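Good morning, and thank you for joining this group meeting. I would ask you to bring up the sequence and the structure, and we shall then go through them together.

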Amino acid sequence: MTIGKEAAVWASTVGAGALAAQAGQTAAVQDLIKFITGEDETVRGKAWLNAHAVGPGAIAPLAALLSGQEQEVSRAARRAMWRIVRDAGRPGADALRQQAVGELLPLLADGQPRAVRYEVVWMLSELGGDECVAPLAKLLAAPDLREDARAALQRIPGDRSLAALRDALPAAPADYKPALAASLRARGVQVSDVPDAKLVPTKQTKVKPAQPE
Amino acid sequence: MANPNDRMRRRTFLKTAGVAAGGAIGFPHIIRSAALGATGRPGANDRLVTAHIGVGGMGGGHLRDMVGRMGRGEVSVAAVCDADENQLTKASKIAGPQADVYRDYRYILERKDIDAVVIATPDHWHAVQMVHAAECGKHVYVEKPACCTIEEGKAMVKAAKENRVAVQVGSQGRSEHEAYLAHRYLANEVIGKVNRVDCFHYPSPADNNPAPDCDPPPELDWDLWLGPLPWRPYNPRYCHGTFRWILESGGGQIRDRGAHVMSCAMWWMGADGTGPVTIEASGSAPTKGLWDSAVEMDVVYTFKNPDWVLTWSQHPDAGPPPETRREGEPEISRPGYGAIYHGTSGTMLHWGGDGGTWLERKAREWVPPAGAKDVYKSPGHMEDWFMGIKTGKKTIMNIEAAVGVSNLCVLGNISFILGRPIHWDQARQEIVGDEQARRMMSRPQRAPYHL
């Protein structure tokens, strides 16, 4: 795979030994952050493209860069996190997946910026299991994240995620019940007491039809 | 609202569509009884009444085409709709005073007098709007690619089937004249059994002029434009046209032109309804900027029973140079993409694959011997849709076939994003052996813009 070759090349530029051994993880993370925050666009690009070689230990330091003022640095950090998450979900790497989930879950905490929590919610929608359900369900009460949390719970298979969606429905604000009901219907649950709002038009145009000539 | 004084007569539409089809006019059973004179609907003598959802870009072209048909008495254009008021204003002038204007497509779906909709919104809207239209009993012409996720595609097939509506997807290469010649050439095994098809295309652009997020322009309803996608701030590099280079929306060249070139491949190979068993992609992502679709890309699709290989290659100078056309022959205006078909006794080459499809000379000039097989010749992509509405016959790019082609594009991108091969179970319509990839078969949509 191209990604693997690129990773090897990049690893050699930052010190392959640092990437290979557990003892070197900290140095590898430091190198990754240094290259992502540096001025050189080419180095930054290679750094995020090959971040999966550094592993889940880089997730928290990368998340700290997501809300920064430097647009390209934030973007590179976000993409580096996704590279790690996509690598951690590969078949046969459950320990890596669990490690990544363990790094991601604390980033859902209240004190984290929305930009971080938003990305982490969607990352957990790909990697997460039952251990993620309660923290995600808590976000169903957060107006700026509830749609993303709902999507994640809809995507995570199993009884617990389904129960979390079902349990949230009775106490949800009236304007949010249709969204939760949509997720439940998508999971195969009949919801008869909440109307489906998907076909109800709401947006008015200010444009008038053309006049006859 | 509807303009009954200007409504054209449906009988004329049926007659015209029947003539265009060049065949017998059967009972138009697919136009549901509700559309043929039930309470609140125009009677059976009325012409097909259409509405246009998404009227910029390709949507503008479809609208102009349909207005031309209206001038010839074939259809009536009853409404236009767009989330961008500037585009809506332009479209209203093109459509004429009989056409109502809407920002929200759901007003169109509420109208009982509208029989069919033409959907040419950004890709991330195709599935939701097609499914909603079908659920409201409308026939649908929807731009390609059909869908952005595997689960969207399943919902589209289900909605079309359950509501018995005719759906045509805009991979119009299948209806091109030289596509017919190519299909006939391959069906007669002039190059033997085809065991490999190599599609070529130039790269996707990288965003070399990134811009910060900002407020949307006043004419744009950004919430509605985003629709099913997770909410994000407006960015001038992510809107009309440029959505193509964002994976969650346009999916890059593979989901744009791939939905054309691979559509031809699946049609000509007789492979509609089949799928690959493995998909392996590699490529290069843009290293900066908002756009994230692959710049260069290679995908290998391996099919079994019958065994053949389909490849997608997205590189500079990926394909052969265009042939020189003889005087009077249509020029190859888009030579940067196409495909090479490898048979057991030769090759066949074409360029384009969309509304411009150009076949190499030896295949174009092949004269079928007595007893040669013939293949379906489309009367035109729109005419083929009209025929589907009228007769219930499957359209040439019906929703099942179109979803099959879109799935190739979607699976190629999933493999690219994950950086590993994926395995596909065609019978179950599922990625197997990779839980993360399996979850990526769907992307839950933002309420209320969901399936």
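Predicted model: local features only at pLDDT ≥ 70, side-chain atom pairs only at ≥ 80, totals over all residues.

Strand S11, residues 338-343 of chain B, and strand S12, residues 346-352 of chain B, pair in the antiparallel sense, and six bridges connect them. One of the residues concerned is B:Gly338, whose bridge partner in S12(B) is B:Trp351.

In which order do the strands of the open sheet in chain B run? The sheet has nine strands, and the order is S13-S12-S11-S7-S10-S9-S8-S14-S15, with mixed pairing. At the edges stand strand S13 (357-359) and strand S15 (430-432) of chain B; each has a single partner strand, so one side of each is left without a neighbour in the sheet. On average, and ignoring direction, neighbouring strands of this sheet are turned by 20° against each other.

A helix packs on this sheet as well, namely helix H13 of chain B, residues 399-418. Helix H13 touches strand S8 (278-284), strand S9 (296-303), strand S10 (308-314) and strand S14 (422-425) of chain B. The direction of helix H13 makes about 60° with that of S8(B).

For chain B as a whole, the secondary structure amounts to 14 helices and 15 strands. Of the 451 residues in chain B, 54% are buried. Among the contacts in chain B with a separation of 6 or more, 73% are accounted for by residues 24 or more positions apart.

Next, the backbone of chain B.

For B:Arg164, phi is near 50°, and the residue sits in the loop between helix H6 (150-163) and strand S6 (167-169) of chain B. For B:Glu189, phi is near 55°, and the residue belongs to the loop between helix H7 (177-187) and strand S7 (194-201) of chain B.

I now move to chain A. Its secondary structure comes to twelve helices and zero strands. Buried residues make up 45% of the 213 residues in chain A. Of the contacts in chain A between residues at least 6 apart in sequence, 58% join residues at least 24 apart.

Let me take up two helix pairs in chain A. In the pair H10(A) and H12(A), the axes come within 10 Å and cross at roughly 15°, which means that H10(A) is roughly parallel to H12(A). This crossing of H10(A) and H12(A) is right-handed. Where H10(A) and H12(A) meet, H10(A) contributes A:Glu147, A:Arg150, A:Leu153 and A:Gln154, and H12(A) contributes A:Ala179, A:Leu180, A:Ser183 and A:Ala186. By class, these are four nonpolar, two polar and two charged residues.

In the other pair, H6(A) and helix H7 (residues 94-104) of chain A pack at an angle of about 145°, with axes 8 Å apart. A:Ile84, A:Val85 and A:Ala88 of H6(A) make this contact with A:Leu96, A:Arg97 and A:Ala100 of H7(A). Five of these residues are nonpolar, none is polar and one is charged.

Finally, the contact between the chains. How many residues does each chain give to the contact? There are 39 residues from chain A and 45 residues from chain B. On the side of chain A that touches chain B, the elements giving two or more residues include helix H1 (2-14), helix H4 (41-49) and helix H8 (114-127) of chain A. The largest share of that side, five residues, comes from H10(A). By class, the residues of chain A on that side are 17 nonpolar, eleven polar and eleven charged.

How values were computed:
Residues numbered from 1 in each chain as written. Chains lettered and ligands numbered in written order. Helix = DSSP H or I, 4+ residues; strand = E, 2+ residues; numbered from the N terminus. Buried ≥ 20, exposed ≤ 12 C-beta atoms within 10 Å, placed from the backbone. Contact = placed C-beta atoms within 7 Å. Pairing = 2+ DSSP bridges. Axes fitted to C-alpha atoms, helices over the stretch in contact; angles between N-to-C directions. Nonpolar A, V, L, I, M, F, W, Y, C, P; charged D, E, K, R; others polar. Parallel < 35°, antiparallel > 145°, perpendicular 65-115°, else oblique. Left-handed = near helix turned anticlockwise from the far one by under 90°.
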